[in-house]
Amino acid sequence: MDPLLALATVLPLLMAASISALNIVLRGQRRVLDAAAIVTGAAVAAILAVITVRTTGGDEVYWFAGFRPSHGIAIGIDFAVGPLSAGLACLAAVLVAAAMIFSWRYFERVATYYHVLMLTFLAGMVGFCLTGDIFDLFVWFELMGVSAYALTAYRPEERGSLQGALNFAITNSVGAYLSLAGIGIIYGRTGALNMAQIGRHIARSGPDRLVVVAFVLIITGFLIKGAIVPFHFWLADAHAVAPTPVCVLLSGVMVELGLYGIARVYWSMFGYSLGHRAVITGTFLTLGLLTAVVGALFCFRERHLKRLLAFSTISHAGMFLSGIALLTPLGLAGPAISVAGHALVKAALFLCVGIVLHRLGSVNETWLHGRGRRLRVTGVVFTLAALGLADLPPFATFRGKGLIEATGSSHGMALISAVFIVCSVLVGAAVLRVAGGVFYGLGDPPSEDPQMAAEASEETSETDEAKQRTPLTMIVPAAVLALGGLAAGLLPGLGSAVQAAAMRFQDQAAYNATVLSGAHVAHPSAVFPPEPTGITATDLATGLGSVAVALLLAFLALYWQRLPLLRRGFEPGTGLVQPIRRFQSGVVNDYVTWIVIGVACVGGALAFTIR
Amino acid sequence: MQFFPFAVMAWILAVGLYGIVTSRHLVHQIVCLIVVQSSTYVLLLGVGYRRGAAAPYFYDIPVHTPAVDPVVQALALTDVVVEAAVTALLLAFAIQAQKRFGTLDPQELVQFKG
Amino acid sequence: MTPAARRWVFLAGAAGFAAFLLWGLTGLPGFGGYPGPYGDIINRVAVAQTNATGVVSAINFEYRGFDTVGEEFILFTAAIGVATVLRHLRGERERAARDGAMDRDAPPVSEAVRLVSLVLVGPVFLVGWYLASHAQTSPSGGFQGGVVLATGFVLIYLAGEFLVFKRISPVDITDAVGAVGAGGFAAVGVTALAMGLPYLFNFLPLGSAPGAVSSSGTIALISFFVGIEVAAAFVLIVSELLEQTLLVRQERP
């Protein structure tokens, strides 16, 4: 058992505690704190990168306090790590390090609290990815949550800050408690908390009512975290007010962790037992596609830059869930690659928005029109990242999306490709419109939606000092991340390597054997066979074509006022999304109502079909 | 009697959620969130109970006496601490709302919508 | 949604949700019929393996000690979060604090309350200490003891001595003490790592008699750290909340 696995979680916890213990001494030493946090993030990223590469040959299991399982019964807690888990955790650490570098010149007056909270956030995310025990998963989920709530409310002077933090905290807490109820129920049946042991126990008997209910309840918390319709309302509120480095983490990796949780719980515990793959695919594919469309429509309508990016995250989360819902190895590999690309590109976009906020003091797209012209480097980075978000080949986002579409088509669901193209066009057009309008002054300012203008102009600058030049510590991480998204897509053999990892992730029997008996399984077998992962000419053509359409749509969005024919589509207050905009009401009571309805619907769908 | 505690759990959960949904006062909403979590205590402890068994503390009783499940008690303990932590944080938000904006009505705190 | 519409929509959804939940709960073994095996195995082996007769504490600090590390840090993070959200914001200044006769929201303390609180402070600290140090023997432990210790501090406030309360629990020190507790727990595990053992392995001598105060190895040590951390976290939270209510005023424009 390699201590590196434990250190990945313990290191940020110890550093957070040390910083806090020495807070009287360190209070004024900004540079020391920043350096400590950056070094910790980088160290954890390095550890996890090593683990990711090492586990491509076989999952590693670490038993805490030395309590190994005997006769297939586990009495301790374990970390069960494969390349997908470790890779996602590594991504989280990379983003934390980038956010901390960005924060170097950010909040000018801050005590030790910010650094401590970011480090505990990192620890929660890493623990969540690596653990193999269902209650431990809940504990890290809550640590992640509490740190995120506090960070979102970091500037409580603004009304929206409290709205965002409260909505975030209440909805996600309700989700966590529902998941805990599910954990209690499955414990009542199996008398175990280890995922492999539970999986083995319930696989012996077929699906019954208790398993279905436990599954739906546990999934609910992750659906809420993953911002899937109708559990998604909190994300836009939280993003609008969280400080930029925190937004990077929320959108880049925390939402994706919710989707990882769903995949993990399904393939480690419930997969064999539930059966009825068509029903599972149907239910979650519907949710995923609905989320993708709703997110894309709202994204195109937004004028508040951070909320715009938040809705695009919701749209992508829907796409990731659609891939996972297909239950094929390629359906899991596609989102894995896409998550990596999306995280890097989205982080770069948020950091650029942070620079805009720092230099120009606003996130209102209408007000900012043309004012970003002097931010030349930022403009280039933003445009590059925007193209990445629009799924331009060869970004990793393009690769991942292509794999999901391929597996969808080969299983007879060409609808997926169509929906993905529409969503990707809408989201791409929105960010490209921002790039063209804000950084290059193209076209006319988007017409003022009075309500949105009021929201966006209330945003005050997050930093205090004079803003003549963009500090290097802000622009370099953004540029590196954007280029990283591009480079990740160029890695040779990425598709097949990730698909192999996905196959092992989906092989429940192999997972159980590895965890409970220490067996080494050389050739994992998933329910569905692996599929070809190469990029065809059609893929490239479709990808370039959709980006071209996105550019066209962005162009139209900027110049529509000069073409009276288009007024109807682009006038604020009209369009497809207008009737459903009022659902995003900002009141947490409504959000919790939708959560209850959502659980009832998902539960009903599974209850009536799986007996 | 065999099912009653679990029915109670469902009731408490429903009541807590109803409170959150119909509330116009932040502190009331936060307390309803506590109620929602209390339902999980009932569930956990109910699942681990064994009729006629002793508490799992073997200081005064011989080691092999049948005892109830200690694991759910440990889980419930963890649960309580988590709840206290989240509640404290939410109450801090509520204090800020009252101090800064003079209101504890969630509907009046809305700045972003649509 | 309007409040009335919301209520009806919720009731419809809740009916479906409740039906679904109850349908699943009927699949549980009946109340009183715990099937095992996790709890039964631990009940059987815990005393022999750890020399601790308090099995729940043994689970919390040894078998599932890693969960407890996470949970402790949740409490620590929440205390930091409360301090963050309520930190001294621009535009506020502390009203000059006057002891004993604070008019806003705090009625003057009655002599009876004052006397009883002051008398109880000592015994409460003692009980808290007892609970925190006997995790391995009886139904007690770091969490319970820490909360009772925090209550002792709060009694000082109740006795009307808010300034004394503030002076003995300044935010920075309490923060640091809580961090020492949380970090200490994590560090105990790391010490095991440094010895080449798995994280949180019980490497201290287990003592001779089960259930003695000095037995059970790291369980007693961890319980001590947890007690410190929980006490500090709760004192921090309560003191921050009280400070906001009693001392801080919005600066008039």
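Okay, one term before we start: two residues are in contact here when they have heavy atoms within 4.5 Å of each other. Keep that in mind, and remember too that what we're looking at is a predicted model.

Thr84(C) sits in helix H4 of chain C. Is Thr84(C) buried or exposed? Its relative accessible area is 0%, and buried means under 20%, so Thr84(C) counts as buried. Its side chain also reaches back to the backbone oxygen of Ile80(C), at 2.7 Å. And if you go from Thr84(C) to Asp67(C), you cover 17 residues in sequence and 25 Å in space, C-alpha to C-alpha.

Now zoom out to chain C. You'll find nine helices and two strands there. Walking along the sequence, the order is α-α-α-α-β-α-α-α-α-α-β. The chain has 253 residues, and 55% of them count as buried. Look at the contacts in chain C with a separation of 6 or more: 71% of them link residues 24 or more positions apart.

Next, the place where chain C and chain A meet. How many residues does each chain bring to the contact? Chain A brings 75 and chain C brings 64. Between them the two chains bury about 5800 Å², and 74% of that is on carbon and sulfur atoms. On the chain C side, the residues that lose the most area to chain A are Phe20(C), Trp23(C) and Phe66(C), together 13% of what that side buries.

There are polar links as well. Eleven residue pairs are in polar contact between chain C and chain A, and two salt bridges cross the interface. One of the salt bridges joins Asp590(A) to Arg6(C), with the closest N and O atoms 2.5 Å apart. Which elements give two or more residues to the side of chain C that touches chain A? Those are helices H1, H2, H3, H4 and H8 of chain C. The largest share comes from H4(C), with 15 residues.

Helix H2 of chain A and helix H8 of chain C each supply at least two of its residues. Take Val25(A), which lies in helix H2 of chain A: its relative accessibility is 61%, so it counts as exposed.

Compare that with Val44(A), in helix H3 of chain A. Val44(A) has 0% relative accessibility, so it counts as buried. Setting aside residues up to four places away in sequence, Val44(A) touches Ala8(A), Leu11(A), Pro12(A), Ala93(A), Leu122(A) and Val126(A). Val44(A) and Leu122(A) are 78 residues apart along the chain, yet their C-alpha atoms are separated by 9.2 Å.

Last stop: helix H8 of chain A. Asn194(A) caps its N-terminal end, with a side-chain oxygen 3.0 Å from the backbone nitrogen of Ala196(A). The buried residues of this helix include Ala196(A) itself, along with Ile198(A) and Ile202(A).

Methods:
Residues are numbered from 1 along each chain as its sequence is written. Chains are lettered from A and ligands numbered from 1 in the order in which they are written. This is a predicted model: local features need pLDDT of at least 70, side-chain atom pairs count only at pLDDT 80 or more; totals for chains, interfaces and linings use all residues. Side-chain values use heavy atoms; hydrogens and water are left out. Helices (H or I, at least four residues) and strands (E, at least two) are DSSP runs, numbered from the N terminus. Buried means under 20% relative accessible area, exposed over 50%, partly exposed in between (1.4 Å probe, protein chains only). Buried area is the accessible area (1.4 Å probe) that two parts lose on being put together, summed over both. A salt bridge is a side-chain nitrogen of Lys or Arg within 4 Å of a carboxyl oxygen of Asp or Glu. A polar contact is a pair of N or O atoms within 3.5 Å; within protein, one must be able to donate a hydrogen and the other to accept it, and residues adjacent in sequence count only if both atoms are side-chain atoms.
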